[in-house]
Amino acid sequence: MMDMIILALEQVFTVATMIGLFVGVSAGMIVGALPGLSATMAVALLIPLTYSMGPIPGLVMLVSIYTAGIYGGSISAILLHTPGTPSSAATVLDGYEMTKQGRGLEAIGISTVASVFGGVFSGLALLFLAPPLSTISLKFSEPEFFLIAVFGLTIIASLAADSIVKGLLSGVFGLIVGLIGTDLLTGFPRFSFGITNMQSGISLVPAMIGLFSISQVLSQLETLRIAKKHEIGDIKGKLIPSWKNLKAIAPTVLFSSVIGLFVGMLPGAGGDIGSWVGYNEAKRFSKNPEKFGKGCIEGVAAPEAANNAVTGGALIPMFILGIPGSAVAAVLLGGLMIQGLVPGRALFTTHGVITYSVIIGLILANIVMGILGLLTAKHLIKVTNVPVVILMPAIVLFSIVGSYAINNNMFDVYVMFAFGVGGYLMKKTGFHPAPVVLAMILGPLAEGGLRRTLVMAKGNVFTYLLGRPISVTLMILIVIAIVSPIILDYRKKNSKKLKVENGVPEE
Amino acid sequence: MNKKKFLLLMVLALSLVMMAGCSANETEPSTNGETASETSNDESYPNKPISVIIAYSAGGNTDIAARILLPYVEEELGVPLNVINKPGGGGWTGWTEFLNAPKDGYTIGYINTPNLVTGYLNPEFNRDNSLDDFDLIANHVLDYGAIAVRADDERFKTIDDLIEYAKENQVTGTTTGYAGDDHIAQLRLNDSVGTDFVAVHQAGTSEMLAAVIGGHVDVFFDNVGSVTIAQENGELRALAVLAPERSKFLPDVPTLEEAGYPAIVTSSARGLAFAKGVDEEKVKIVTDAFVKALNNPEHIKRIEDLGYLVDSMSGEEYLNFLKSDEAGIIEIKDVLGW
């Protein structure tokens with residue numbers, strides 16, 4: 001393996017591959033940062049271009065776009081409250097709060113460090129641990145996917161800023177949207193109203209662009225006539241994270257990277273789910289969870305480390321088993337096949353040099369992306385100074401292009417606008433769009449997982465589930481996730497009472 | 001100030017480009033099929049790029065194979081062939097698009113069976129389409145059904161072991177979706193041999209493979225292409241092929257008929273077609289070009305490296321093949337509840 005890695009290094013440091021890498025990283029960052037244009041779209045659009053390139057430069061370019069696109073999405077999430085890709089939806093929560101507090105530059109610094117760490121971490125795991133890790137991913141099947149989805153849904157209550165009821169209502173709305181489409185198990189069209197475009201369901205990306213970007217544009221329009229100065233003050237925060245901050249986020253970043261890696265390995269779960277789970281767990285295990293959502297650095301670091309760790313994780317089962325771990329990896333698989341590279345052990349033996357070159361390319365791309373990010377952050381930040389009258393039409397334009405290009409379908413553009421207006425009305429009435437997106441992602445995963453489990457159990461669902469150790473563990477985790485806040489809340493109230501009774505002053 | 005003006009100009013320019021793009025699309029349908037074919041000089045057909053609509057996304061199986069084939073066809077026809085991916089609606093977003101395109105011979109599309117056939121046979125969707133809506137060009141890839149189990153599965157060494165067991169016990173099998181070719185294979189086996197296969201419908205081959213290798217689903221019902229690759233990787237063991245004869249990729253694996261069971265043949269196939277109504281002369285020009293390109297040894301080798309079989313049947317033969325596929329589905333209409 002070592003000699004192949006050395007050969008691969010020679011292949012990576014060629015002019016063609018380096019150009020591919022730099023083009024990929026820059027294009028990925030730009031496309032990722034533009035609200036509306038997603039990483040999946042960028043990879044899908046550029047795949048035909050790689051058909052005529054050599055396998056190493058072409059594939060290195062694609063993985064560079066992938067990881068840089070995921071990172072780029074955090075920039076607009078932090079500065080503009082519009083996630084550039086679905087993977088950065090969770091970053092909006094704390095990132096934009098930091099920007100509002102004038103700490104936008106600091107948030108970008110944190111996001112960059114976390115993204116680079118997550119990306120390099122998963123790249124190294126891909127390089128050294130791919131075969132053993134791919135066997136772990138095989139232990140997960142439908143019952144586990146169902147339980148993971150349920151576990152992810154437990155966060156909805158805590159995502160709602162003001163009211164749990166409103167959070168749950170938003171979540172239910174997202175679940176209902178997820179029901180639209182052809183029933184996978186019976187071929188029956190559900191809630192499609194005879195419209196062909198709705199028979200494959202509501203596409204997530206256009207809906208998400210609408211909910212976050214268009215609704216934000218509409219909110220901004222409200223204040224346009226009131227000649228108010230931009231609510232964001234001067235951006236003063238320090239770009240390079242201080243030693244103290246680095247130490248503060250280190251455990252979160254490491255933990256989220258591991259989460260991202262594992263989520264990435266599961267078929268069908270990508271950066272969007274990884275970042276939510278990362279954010280959720282960081283909040284759950286934090287000593288001061290109440291700081292989350294109010295501009296805390298862990299709230300930026302956790303989803304960003306997780307979503308970049310997904311990239312390497314998603315490639316592990318793809319290389320070894322031909323099972324892509326995320327939507328982008330599925331598109332990448334096409335790029336691999338067109339080069340005549342069929343997934344399997346042969347990728348690490350016969351075609352080892354190509355495979356290792358791509359993995360090393362992925363690790364390098366993360367580092368290059370970090371450097372470029374830190375160098376350009378000072379200029380990127382100026383986007384918040386662009387007058388609303390220019391920025392908003394530009395966001396609308398990119399949202400239209402991005403929604404259309406994902407499936408070359410005008411219907412997706414209508415979906416985007418419908419969700420934009422819906423998201424605006426939700427904001428006006430105190431609902432948050434985040435639970436809708438989360439439920440749209442996890443709902444179909446939970447439904448498919450449960451219904452396939454019922455078939456696979458051959459009639460004995462409970463004994464079937466109890467016979468699967470991973471399922472049992474997940475079920476315990478779900479119970480803890482639901483019960484623990486109630487107990488903690490109860491104990492807090494009790495201890496407060498005790499303290500007051502004992503005359504201890506409240507902190 | 002200058003910066004602002006520049007930005008504004010950029011935005012304006014971009015929106016103009018977009019508007020131009022949209023209007024170009026809108027004006028196209030107004031040139032009626034008949035008049036278009038009369039005005040454009042027939043002898044010089046084709047004299048502009050031809051659009052190839054693929055009803056599945058970029059990087060998918062259909063897309064990969066198409067992009068390997070099309071450059072060879074471009075050489076024959078002398079005009080570019082532009083792929084347009086139109087995924088959604090189980091393929092019908094793309095198929096509807098190319099059925100509605102002007103019949104001037106500049107839009108062709110991939111048709112995928114059995115998805116196309118089940119899409120109009122399923123009464124829930126109220127479609128009145130049929131094979132008569134298409135002028136067939138030629139088939140491209142033909143992938144017969146195959147049955148496999150985990151490489152280290154002790155229970156089922158041969159297809160007999162599996163079928164005998166499945167007559168007494170419930171056995172789970174993978175499929176690429178309701179009424180897909182794998183599901184049809186299971187239903188037809190249940191119908192004719194009395195087995196009890198239950199379908200675990202999944203989104204695609206990769207999820208199915210994970211479920212069987214991981215030991216979560218008993219039997220891998222898919223196609224020769226994916227089974228061949230998985231067997232080479234030591235992950236699966238092929239038990240039978242659902243084809244009229246043995247596959248050159250799996251020469252040691254019997255057909256279902258050879259193993260002593262009814263001759264059930266299922267396949268996933270994709271080929272090219274025009275929407276009905278295109279000038280016969282043009283159909284012939286394009287068909288000849290495709291058949292030539294399809295039989296180019298370089299093309300055949302690249303497709304076979306991916307584990308697929310090229311079958312360049314055209315005309316009557318292709319139509320009969322599709323009709324027999326359709327008949328196989330109509331046979332189990334009751335089981336599907338249609």
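This is a predicted model: local features need pLDDT of at least 70, side-chain atom pairs count only at pLDDT 80 or more; totals for chains, interfaces and linings use all residues.
Okay, let's start in chain B, at Pro114(B), which sits in the loop between β3 (107-113) and α5 (115-121).

Most peptide bonds are trans, as you all know. So where else does chain B have a cis bond? Go to Tyr45(B) and Pro46(B): the peptide bond between them is cis as well, and omega there is near -10°. Pro46(B) is in the loop that runs from α2 (33-39) to β1 (50-54) of chain B.

Of its 338 residues, 51% are buried. And if you take contacts in chain B between residues at least 6 apart in sequence, 75% of them join residues at least 24 apart. Ala203(B) belongs to the loop between β6 (197-201) and α8 (205-213). With 15 C-beta neighbours inside 10 Å, Ala203(B) comes out as partly exposed.

Now a helix I'd like you to click on: α3(B), residues 61-77. Is it mostly enclosed or mostly open? Well, 12 of its 17 residues are buried, so the rest of the structure largely encloses it. The buried set begins with a run you can follow by eye, including Asn61(B), Thr62(B), Asp63(B), Ile64(B) and Ala65(B), and Val73(B) and Leu77(B) are also among them. Arg67(B) is on that buried list too, by the way.

What about the length of α3(B)? At 1.5 Å a residue, its 17 residues should span 24 Å, and the C-alpha atoms at its ends are 24 Å apart, so that agrees. There is a bend, though: about 30° at Leu70(B), with a proline, Pro71(B), following within four residues. Just past the end of α3(B) you reach Gly78(B), which has a positive phi of about 80°.

Speaking of phi: most residues other than glycine have a negative one. Ala179(B) has a positive phi near 65°, and you'll find it in the loop between β5 (171-175) and α7 (181-193) of chain B. Buried or exposed? It counts as buried, because it has 25 C-beta neighbours inside 10 Å. Over in chain A, Asn408(A) isn't a glycine either, and its phi is positive at about 50°. Asn408(A) is in the loop between α16 and α17 (410-428). It has 18 C-beta neighbours inside 10 Å, so Asn408(A) counts as partly exposed.

While we're in chain A, let's do some helix packing. Take α10(A), residues 204-222, and α18(A), residues 433-456: their axes come within 11 Å and cross at roughly 175°. That makes the two helices roughly antiparallel, which follows from the angle. On the α10(A) side, the residues include Leu204(A), Met208(A), Leu211(A) and Phe212(A), and they meet residues of α18(A) such as Val436(A), Val437(A) and Met440(A). By class, that contact has 10 nonpolar residues, 1 polar and no charged ones.

Then there's α4(A), residues 55-80, with α14(A). Those axes come within 10 Å and cross at roughly 170°, so α4(A) and α14(A) are roughly antiparallel to each other. Gly58(A), Leu59(A), Leu62(A) and Tyr66(A) of α4(A) meet Val328(A), Leu332(A), Gly335(A) and Leu336(A) of α14(A). That contact divides into 6 nonpolar, 2 polar and no charged residues.

How many residues are in contact between the chains? It's 47 residues of chain A with 49 of chain B. Helices supplying at least two residues each on the chain A side are α3 (39-50), α6 (104-139), α14 (327-338), α16 (388-407) and α18. Which one gives the largest share? It's α14(A), with 7 residues. Sorted by class, the side of chain A that touches chain B has 25 nonpolar, 17 polar and 5 charged residues.

That's my tour. Thanks, everyone.

Technical notes: Residues are numbered from 1 along each chain as its sequence is written. Chains are lettered from A and ligands numbered from 1 in the order in which they are written. Axes are lines fitted to C-alpha atoms, for helices over the stretch in contact, and angles run from 0 to 180 degrees between N-to-C directions. Angles under 35 degrees count as roughly parallel, over 145 as roughly antiparallel, 65 to 115 as roughly perpendicular and the rest as oblique. Two residues are in contact if their C-beta atoms, placed from the backbone, lie within 7 Å. Ala, Val, Leu, Ile, Met, Phe, Trp, Tyr, Cys and Pro count as nonpolar, Asp, Glu, Lys and Arg as charged, and the others, Gly among them, as polar. The expected span of a helix is 1.5 Å times one less than its number of residues. The bend at a residue is the angle between axes fitted to the seven residues ending there and the seven starting there. A residue is buried if 20 or more other C-beta atoms lie within 10 Å of its own, exposed if 12 or fewer, and partly exposed in between; C-beta atoms are placed from the backbone.
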